[in-house]
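Dear colleague,

I am handing over the structure below, and would be glad if you could read the notes that follow with the model open beside them.

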Amino acid sequence: MPNELEVTLTDAVIARLADGAEPRFRRIAQSLIRHLHDFVRDVEPTEEEWFEAIKFLTATGQKCDDKRQEFILLSDVLGVSMLVDAVNHRSSGATTETTVLGPFFVHGAPEIENGGDMAAGWPGEPAYVSGRVLSTEGRPLPGALLDLWQSNSEGNYDVQIADTGGKQLRAKLRTDADGCFRFRTILPTSYPVPTDGPVGLILNRMGRHPMRPAHLHFMVSAPGYETVVTHLFVKGDPYLESDVVFGVKDSLVVDFRRSESQAEAQKAGLTAPFYSASYDFVLRPAGAAKQQAARAASDAVQSSVRRQSEKE
Ligand SMILES: [Fe+2]
């Protein structure tokens, strides 16, 4: 039989929120308190278990530094990052689908020219990636910025490797007058997320593998358009169905075609054998998502009013 405090405490905590608190903050705080309290009522943790949880979150914070982001990783492996992505990018299907930013994005990647090599000096299987950046009406977007990052052929990002300076296997480049981009790199490989921290411990206790399917990261932006943060995944990767961060969407799986043609390789500035992939990114005008959400809300209100009047 629950005691009185178990029943009344949630409302008592919420009642302490100041009336003048900013409305959005107030809504978030109320929901957080309710869900956390419901979680405790549901699980009924022992005091030792609750202290374990506090120690786990403390260790997660202590694992973070300017190169390691254990909280993003935790959010990723629990599926929270993809859920946040989903509620923020309700695509109508006309735009490129989004996926997680991940913990390895770094500001200030070096700019390379269109067609340049973002993997200069790194061993791996040569790859050539090209495509266009378009608006939802199919108009090419010249000068669109692509921010790219990827792991090396052993599945490590530069920030995980000592003495790389943290600016390698990363590049920024801009589309040409026809909205086209192209760059050379190495074929990405599947890799495990870092397991030497608290996130590794919980993956282990859940009985889950830590692997991500091979992918290239893209952040594509153009003035007046919504930025797209996404990946291109390598078709055929064995981890596409079980990505540890739940980031795979079918529309982002791309064929990296293997070619042994020296002539084709030369055109791309590479030597055979090499892999090539092509993809067009589609951006929607900034504010389109808000308009779409407002239209959906308005439709929902109208259909609710219709249902109400049909009943009457
Ligand atoms: Fe990645």
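In what follows, two residues are said to be in contact if their C-beta atoms, placed from the backbone, lie within 7 Å. Please keep in mind throughout that this is a predicted model.

With that cut-off, Glu70, Leu73, Leu74 and Val77 in helix 4 meet Pro198, Val199 and Leu203 in helix 6. The residues of this contact of helix 4 with helix 6 divide into six nonpolar, no polar and one charged. As for the geometry, the axes of helix 4 (residues 70-77) and helix 6 (residues 198-206) come within 9 Å and cross at roughly 20 degrees, which makes helix 4 roughly parallel to helix 6, since angles under 35 degrees count as roughly parallel.

The other helix pair to look at is that of helix 1 and helix 2. The axes of helix 1 (residues 4-15) and helix 2 (residues 23-43) come within 9 Å and cross at roughly 160 degrees, and helix 1 and helix 2 are therefore roughly antiparallel to each other. Helix 1 passes helix 2 in a right-handed crossing, and the contact is made by Glu6, Leu9, Thr10, Val13 and Ile14 on the side of helix 1 and by Gln30, Ile33, Arg34, His37 and Arg41 on the side of helix 2. Sorted by class, the contact of helix 1 with helix 2 has four nonpolar, three polar and three charged residues.

On the level of domains, the domain assignment of the protein gives domain 1 (4-75) and domain 2 (93-286), and the C-alpha centres of domain 1 and domain 2 lie 35 Å apart. Between them, 10 residues of domain 1 are in contact with eight residues of domain 2. On the side of domain 1 that touches domain 2, helix 3 (47-63) and helix 4 each supply at least two residues, and by class that side of domain 1 has five nonpolar, two polar and three charged residues.

Turning to the sheets, five strands form an open sheet in the order 3-2-7-8-9, with mixed pairing. Strand 3 (170-174) and strand 9 (253-254) stand at its edges, each with a single partner strand, so one side of each is left without a neighbour in the sheet. Strand 8 (residues 228-234) and strand 9 run parallel and are joined by two bridges, and phenylalanine 233 has valine 253 in strand 9 as its bridge partner.

There is also an open sheet of four strands, whose order is 4-1-11-10 and whose pairing is mixed. Its edge strands are strand 4 (180-186) and strand 10 (257-259), each of which pairs on one side only, and neighbouring strands of this sheet are turned by 25 degrees against each other on average, direction ignored. Strand 10 pairs with strand 11 (residues 274-283) in the antiparallel sense over three bridges, and the bridge partner of serine 259 in strand 11 is phenylalanine 274.

Most residues other than glycine have a negative phi, and most peptide bonds are trans. The peptide bond from alanine 272 to proline 273, however, is cis, with omega near -5 degrees, and proline 273 has its place in the loop between helix 7 (262-267) and strand 11. Leucine 169, although it is not a glycine, has a positive phi of about 55 degrees, and leucine 169 is found in the loop between strand 2 (145-149) and strand 3.

With kind regards

Note on methods
Residues numbered from 1 in each chain as written. Predicted model: local features only at pLDDT ≥ 70, side-chain atom pairs only at ≥ 80, totals over all residues. Axes fitted to C-alpha atoms, helices over the stretch in contact; angles between N-to-C directions. Parallel < 35°, antiparallel > 145°, perpendicular 65-115°, else oblique. Nonpolar A, V, L, I, M, F, W, Y, C, P; charged D, E, K, R; others polar. Pairing = 2+ DSSP bridges. Left-handed = near helix turned anticlockwise from the far one by under 90°. Domains from an automatic or database assignment.
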